[in-house]
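Me: I would like to learn how to read the side-chain features of a model like this one, step by step. Could we take each feature in turn, with the general idea before the case?

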Amino acid sequence: MNNYLRNTLIATAVAFLAAAVAACGSNDHVRTPPAPVFLRFATINEWQQYGPGANPLDFDYYIKSERLPKDFPYLATNETGYGGVLLAVALTGQPVAMDLSCPVENSQTIRVRVDTKSHHAVCPKCGSRYFVFENYGRAVSGPAAEKELELRRYNVIPTDDTPLHGYIVN
């Protein structure tokens, strides 16, 4: 019985230690605070009309407080994260979404902008550059790369499994 109790205590301690170690480093690369995100494109027609586009390297900025893009029909249920949402079409053709807030600056109003020549998102204040069309928001240079920070990612989920589906960003 004594061996059983000792082995159980050791196993429990190892499990707690493993969980603590995993939890400590799991989100160190994302500093942008969590904030509600919800954009719904109910059909492919809505995606084509209000989404970023259909081709790799297409993108758009969604900032509810500034009503961007101007033609997007914001509803009370829509939310656009901490600093806004960068919705883009990756090189793979899949839609991706990231928060516009630079994790180095950690401000709702200091937002990355896509440089259409390099295809990186660039922070206007610290100069950090991020991959957005591949590697989904990882820093490529600047203070963010030195600190191994990345843009907060959001989910882009098809609304259903039909060919005419739209997307939900959350």
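Reply: Let us begin with contact, which means that heavy atoms lie within 4.5 Å of each other. Please keep in mind throughout that this is a predicted model. Leaving aside residues up to four places away in sequence, Y136 touches A90, T92, V96, M98, F131 and R153.

Me: Where in the chain is Y136 found, and how many residues apart in sequence are Y136 and V96?

Reply: Y136 is found in the loop between strand 8 and strand 9, and 40 residues of sequence separate Y136 from V96, although their C-alpha atoms are 7.2 Å apart in space. With a relative accessibility of 29%, Y136 counts as partly exposed.

Me: What share of the contacts in the chain with a separation of 6 or more comes from residues 24 or more positions apart?

Reply: Residues 24 or more positions apart account for 50% of those contacts with a separation of 6 or more. As for the setting, the chain has three helices and twelve strands, and of its 170 residues 38% count as buried. The chain exposes about 9600 Å², of which carbon and sulfur atoms supply 55%.

Me: How many aromatic pairs does a search of the whole structure find, and how should I read the geometry of one of them?

Reply: The general idea is that rings pair if their centres lie within 6.5 Å, and that planes over 60 degrees apart count as edge-to-face. The search of the whole structure finds nine aromatic pairs. One of them is formed by F72 and Y74, whose ring centres are 4.7 Å apart and whose planes stand at 70°, which makes the pair edge-to-face. Both F72 and Y74 are buried, and these two residues belong to one aromatic cluster together with F41, W47, Y50, Y62 and Y167.

Me: Which charged end sits over the ring of Y61?

Reply: That is the charged end of R113, which sits over the ring of Y61 at 3.8 Å from its centre.

Me: How many salt bridges does a search of the whole structure find, and what should I look at in each?

Reply: The idea is to look for a side-chain nitrogen of Lys or Arg within 4 Å of a carboxyl oxygen of Asp or Glu, and a search of the whole structure finds six salt bridges. In one of them the side chains of R111 and E66 meet, with 2.9 Å from N to O. Because R111 lies in the loop between strand 5 (95-99) and strand 6 (113-115), and E66 in the loop between strand 2 (59-62) and strand 3 (79-80), this pair ties together parts that are 45 residues apart in sequence.

Me: Which elements hold R129 and D115?

Reply: The side chains of R129 and D115 meet in a salt bridge, at 3.3 Å from N to O. R129 lies in strand 8 (residues 129-131) and D115 in strand 6, so the pair ties together parts that are 14 residues apart in sequence. R129 is partly exposed, with a relative accessible area of 22%, and D115, at 26%, also counts as partly exposed.

Me: Which residues are linked in a network of salt bridges?

Reply: The network links R138, E150 and R153. Within it, E150 forms a salt bridge with R138, and the closest N and O atoms are 3.5 Å apart. This pair links distant parts of the chain, since E150 is in the loop between helix 3 (143-146) and strand 10 (153-154) while R138 is in the loop between strand 8 and strand 9 (139-141), twelve residues apart. E150 is buried, with a relative accessible area of 6%, whereas R138, at 42%, counts as partly exposed.

Key: Residues are numbered from 1 along each chain as its sequence is written. This is a predicted model: local features need pLDDT of at least 70, side-chain atom pairs count only at pLDDT 80 or more; totals for chains, interfaces and linings use all residues. Side-chain values use heavy atoms; hydrogens and water are left out. Rings of Phe, Tyr and Trp (its six-membered ring) pair if their centres lie within 6.5 Å; planes under 30 degrees apart count as stacked, over 60 as edge-to-face and the rest as tilted. Buried means under 20% relative accessible area, exposed over 50%, partly exposed in between (1.4 Å probe, protein chains only). A charge sits over a ring if NZ of Lys or CZ of Arg is within 6 Å of the ring centre and within 35 degrees of the ring normal. Helices (H or I, at least four residues) and strands (E, at least two) are DSSP runs, numbered from the N terminus. Accessible areas come from the Shrake-Rupley method with a 1.4 Å probe; for residues, only the protein chains shown count as cover.
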